[in-house]
Amino acid sequence: MKIVRCDRELETPLVDQTLRDWGHELLLLPEDVSEDGLCAAAADCELLLMCYTPVSARVLDAAPRLRGIVKYGVGIDAIDIPAAHARGVAVVNIPGYAEETVAEAAFAMLIALAKKLPALGRVMQSDGWAWPTEQWLASDIAGKTLGIIGCGKIGAALARMAGAGFRARIVGYDPHKSPEEMNSAGIEPYDDLHAMLTECDFVSLHAVLCDTTRGLIGAAELAAMKPTAVLVNTARGALVDEAALLDALRHGQIGGAGLDVFSQEPVDRQTHPLRELYTMDNVMLLPHLAFYTAEAMRRLELETLDRCREIIGGRPVTILSNDPRLRMGAATR
Ligand SMILES: NC(=O)C1=CN([C@@H]2O[C@H](COP(=O)(O)OP(=O)(O)OC[C@H]3O[C@@H](n4cnc5c(N)ncnc54)[C@H](O)[C@@H]3O)[C@@H](O)[C@H]2O)C=CC1
Ligand SMILES: O=C(O)C(=O)CO
């Protein structure tokens, strides 16, 4: 079988070696492959693995033998899922491979910003020392309110860490979770996002990116936040109106931001509209690597191989995600 794996920069040696050991032809493509390039490569391919590369209806039309797409990761926003299902192509992701992993990274950014660690690190490098003046006055996590937007696997893991571990008050907004589910995850449920935002000292985004969540945090939501509040985003860049975020940070409308994800990736710091963020002391930027630990990669590779085995063997693919978009019409060819 011909198999194409996009996004070869994200190395998955176990997956690659195993697929080859099983006797398949494996073609690796770079993350910046063009749509035309992907169409050409996918022409006779039966299984497509991708992490970030967009899979459009046009790509699907160019791949008449395709049986399944394995997103080796969680977010399925780059795949035209209705188009895949309409063509009988199964789509599967790997939910939960990094729930603690990403929650830890989000929490690490939240703590770092509360304690002003990025700015203190920079001042130690440039000036060699800093005195305990107002500028460096940091903040505790204990007793503060953390708002979680999107209370699925990663959001719930963060609630456990910050609530039980750090004695923060945890509030949450997720229109698809019942109050009972939220309460049992230790999260006080809010059905009004703005009302929640006004109470938060920290806000962390963990919602899926879809039509209804694109731009969920815009100028009005940023204006509702406390001027000291810190926003952390490890979910998807496009959940936030990034121009509005830049404006809010410029004008001190919020206290800081920690971003692992951007609407345009990779970020070119010379030309990116958000390049000013690189100069801000109250901002911490990461290159979309919140998931990238040895443990998470091991889980990701093993689960990916399980899903590949099902598609190659013509068996129904196991959908572990609760995302309704994957749960509908997921029959393999
Ligand atoms: N930065 C990184 O390295 C990684 C980022 N991610 C991102 O994190 C996201 C969350 O991952 P999981 O927690 O595993 O997914 P999940 O599917 O368990 O949780 C997502 C939650 O978003 C909620 N949601 C849907 N619409 C919403 C809305 N309008 N407002 C608020 N919440 C809404 C859903 O009900 C669900 O509970 C992924 O979709 C992905 O984009 C995931 C893995 C790694
Ligand atoms: O798993 C995901 O969705 C990620 O963002 C990391 O690849």
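The model is predicted, so local features need pLDDT of at least 70 and side-chain atom pairs count only at pLDDT 80 or more, while totals for chains, interfaces and linings use all residues. Residues are numbered from 1 along each chain as its sequence is written, chains are lettered from A and ligands numbered from 1 in the order in which they are written, and side-chain values use heavy atoms, with hydrogens and water left out.

## Two domains

Let's begin with the overall layout. The protein chain is divided into domain 1 (2–97 + 294–332) and domain 2 (99–285); such bounds come from an automatic or database domain assignment. Taken over C-alpha atoms, the centres of the two domains are separated by 31 Å. Where the domains meet, 11 residues of domain 1 are in contact with 8 residues of domain 2, and contact means heavy atoms within 4.5 Å.

UniProt, in an unreviewed entry, lists residues 32–317 for "domain: D-isomer specific 2-hydroxyacid dehydrogenase catalytic". UniProt positions are given here in the numbering used for this model, feature names are shortened, and annotations may be inferred rather than shown by experiment. The span 32–317 is 37% helix and 13% strand, and its end C-alpha atoms lie 28 Å apart. Helices (H or I, at least four residues) and strands (E, at least two) are DSSP runs, numbered from the N terminus.

## The sheet of five strands

Strands of a sheet pair through backbone hydrogen bonds, either parallel or antiparallel. Two strands count as paired if DSSP finds at least two bridges between them. One open sheet is built from 5 strands in the order β2-β1-β3-β4-β5, with parallel pairing. Its edge strands, each pairing on one side only, are β2 and β5 (90–92). On average, neighbouring strands here are turned by 15° against each other, direction ignored.

What does α1 touch when it packs on the sheet? Helix α1 touches β1, β2 and β3, and its direction makes about 150° with that of β2. For such angles, axes are lines fitted to C-alpha atoms, for helices over the stretch in contact, and the values run from 0 to 180 degrees between N-to-C directions.

Strand β1 has both faces covered: Lys-2 and Val-4 on one side, and Ile-3 and Arg-5 on the other, are all buried. Buried means under 20% relative accessible area, exposed means over 50%, and partly exposed is in between (1.4 Å probe, protein chains only). The chain crosses from β1 through α1 to β2, and this β-α-β crossover is right-handed: with the strands pointing away from the viewer, the path from the first strand over the helix to the second runs clockwise. Val-4 stands opposite Leu-27 in β2 and also opposite Leu-48 in β3.

| Strand pair | Bridges |
|---|---|
| β1 and β2 (residues 25–28) | 4 bridges |
| β1 and β3 (residues 47–50) | 3 bridges |
| β4 (residues 68–71) and β5 | 3 bridges |
| β6 (residues 145–149) and β7 (residues 169–173) | 5 bridges |

## The sheet of seven strands

Another open sheet has 7 strands in the order β8-β7-β6-β9-β10-β11-β12, again with parallel pairing. Strands β8 (188–189) and β12 (283–285) are the edges, each pairing on one side only. Helix α11 (residues 242–250) lies across β10 (230–233), β11 (256–259) and β12, running at about 145° to β11.

Now for some details in the loops. Asp-7, in the loop between β1 (2–5) and α1 (13–21), has a positive phi of about 65° although it is not a glycine. Arg-167 has a positive phi of about 55° and is not a glycine either; this residue is found in the loop between α7 (153–165) and β7.

Is each of these two residues buried or exposed? Asp-7 counts as buried because its relative accessibility is 0%, while Arg-167 is exposed, with a relative accessible area of 62%.

In the loop between β12 and α12 (294–312) you will find His-288, which counts as buried at 12% relative accessibility. Leaving aside neighbours within four places in sequence, His-288 is in contact with Tyr-52, Arg-236, Asp-260, Val-261 and Glu-265. Pro-266 lies in the loop between β11 and β12.
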